[in-house]
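Open the model in your viewer and keep the selection panel at hand.

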Amino acid sequence: MSRHRDDHLEMCAAHVLGVLDDAGRAEFEAHLAEGCPECEAELRSLSGGALVLAMSAPQHRAPAAVRARVLAAIDSGGASGRQLDASVIALPRRPWVASPAGALLAAAAVIAVALAGITAWRRTEELTRELTAARAHTDSLQRVLDEEQRWASVMTAPDSRTVTLAPTGPGAPALAAEVHYDPATGRALLFAQGFTAPNARDYELWAITAAGPTSLGVVHAGPDGRAVVRLERIARDGAVAAFAVSLEATGGSPDPHKPSGPVVMLGKLAG
Amino acid sequence: MNETERDRRCWERVAGGDPTALAELYDRYADLLYSLALRIVGSASDAEEVLQDSWLQAWRSARSYDPARGAVGAWLVTIARSRALDRLRGLGSRRRAETAASVEAQAEPPPPAADPATGYARRVLRNDVATAITALAPQQRRVVEMAYFEGLSQSEIATQLGAPLGTVKSWTRQALMKLRERVPVEALP
């Protein structure tokens with residue numbers, strides 16, 4: 001601890017009035033920083049004298065406009081942020097970045113704005129990605145919907161035909177099938193029930209035109225024997241006269257234009 | 001609860017961001033701060049700006065106030081004086097001379113002061129302050145007023161008064177001690 005000297009008491013007085021020169025202030029503050037009960041007591045006592053000086057100034061009422069301006073500036077700056085609205089304070093001011101503390105605040109403000117900008121940019125990128133994904137999903141759903149509508153139109157088209165296939169013999173009484181056929185587009189829908197084929201066998205669907213039968217493929221039913229089959233580009237060889245189902249060896253008839261097994265269902269188009 | 005404690009609690013609300021608390025303190029201290037600023041800068045328009053800047057500075061730095069280092073009122077006075085002296089220095093030496101002259105001319109400044117202290121205790125305090133100031137020896141009063149209201153260093157005061165620096169230092173301390181002794185500390189802001 002630097003030793004207390006009597007002239008420190010005089011420095012206390014100058015310090016209370018804020019009139020120590022730079023060298024004196026540095027020395028005195030260093031002395032205080034090391035702890036000096038005498039000087040601390042002296043400062044407490046003399047600071048009261050400085051307040052008496054302040055109160056000795058002739059008294060005036062503060063202009064009412066200042067109160068309004070101060071409170072407006074505070075309100076506009078927000079209670080917590082303590083950022084004061086410069087537009088409210090329409091008085092000439094020194095740049096507040098002129099002090100090191102001001103520069104630090106300014107730097108902090110710049111960083112805060114930059115961080116806010118980065119956060120906002122990242123959020124924008126994130127939202128853009130989400131929007132792109134959502135649009136892709138919507139496009140996908142739209143394609144599915146278009147496809148469903150396209151197939152639904154097979155049944156609702158003006159020239160659409162409905163053919164109910166009937167079992168051709170007593171050996172397949174559980175079979176039921178119906179074909180919706182749109183000649184304009186060459187598309188057809190098969191709705192089948194009871195198409196659970198015996199072991200090592202497959203049911204095969206045929207379109208029969210004037211040129212003869214053409215395989216439309218093996219019907220793969222689910223475990224419940226039901227199947228819905230979409231058929232395209234059928235009957236390129238001419239108008240379909242009938243649809244038929246044959247019971248084939250696994251994989252279907254080796255000849256796409258001739259059933260190798262028995263025909264178990266048949267449905268003729270009217271007219 | 002005395003005024004010091006009341007101010008301290010009010011300031012805790014200010015530090016917490018409560019503008020109504022600042023308004024309360026403003027109503028209590030604005031006249032004192034404005035009068036001090038006017039005494040230092042000498043013109044109403046400058047004093048008005050000092051007053052505004054002081055309250056905004058107080059609001060911005062509310063959390064830096066340390067109750068252990070003095071009462072809220074004393075802290076506000078320190079801010080206002082500091083801002084006023086900054087402004088005075090910014091005005092330049094020519095204006096400073098005019099300011100000093102104009103202050104001297106303001107023996108009874110119109111409009112009449114509306115005393116911020118309306119209660120009996122404050123009127124007593126005002127009387128105590130006036131008595132304490134007039135009781136100072138002329139040199140003692142001069143040196144502390146030059147230091148406090150004009151921001152002059154003790155060397156500058158010594159030069160202006162043509163007195164030894166050591167003597168100025170001595171007068172300064174004696175003056176502050178007398179002022180402090182004649183006014184009860186509990187009555188001060």
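**Stop 1: chain B**

Select chain B: of its 189 residues, 43% count as buried. Keep in mind that this is a predicted model. Colour by secondary structure next. Chain B has eight helices and zero strands. Along the sequence the pattern reads α-α-α-α-α-α-α-α. Now turn to contacts within chain B with a separation of 6 or more: 65% of them join residues 24 or more positions apart.

**Stop 2: the side of chain B that touches chain A**

Show both chains. Here 54 residues of chain B are in contact with 41 residues of chain A. On the chain B side, select the elements that give two or more residues: α2 (19-41), α3 (44-60), α4 (72-105), α5 (120-134), α6 (138-150), α7 (154-161) and α8 (165-182). Which of them gives the most? Highlight α2(B), with twelve residues. Then colour this side of chain B by class: 32 residues are nonpolar, eleven polar and eleven charged.

**Stop 3**

Select α3(A), residues 37-55, together with α8(B). Their axes come within 7 Å and cross at roughly 80°. An angle from 65 to 115 degrees counts as roughly perpendicular, so α3(A) and α8(B) are roughly perpendicular to each other.

Show the side chains where the two helices meet. From α3(A), pick Ser45(A), Leu46(A), Gly48(A), Gly49(A), Ala50(A), Val52(A) and Leu53(A). They meet Leu176(B), Met177(B), Leu179(B) and Arg180(B) of α8(B). By class, this contact of α3(A) with α8(B) has seven nonpolar, three polar and one charged residues.

Technical notes
Residues numbered from 1 in each chain as written. Chains lettered and ligands numbered in written order. Predicted model: local features only at pLDDT ≥ 70, side-chain atom pairs only at ≥ 80, totals over all residues. Contact = placed C-beta atoms within 7 Å. Helix = DSSP H or I, 4+ residues; strand = E, 2+ residues; numbered from the N terminus. Nonpolar A, V, L, I, M, F, W, Y, C, P; charged D, E, K, R; others polar. Axes fitted to C-alpha atoms, helices over the stretch in contact; angles between N-to-C directions. Parallel < 35°, antiparallel > 145°, perpendicular 65-115°, else oblique. Buried ≥ 20, exposed ≤ 12 C-beta atoms within 10 Å, placed from the backbone.
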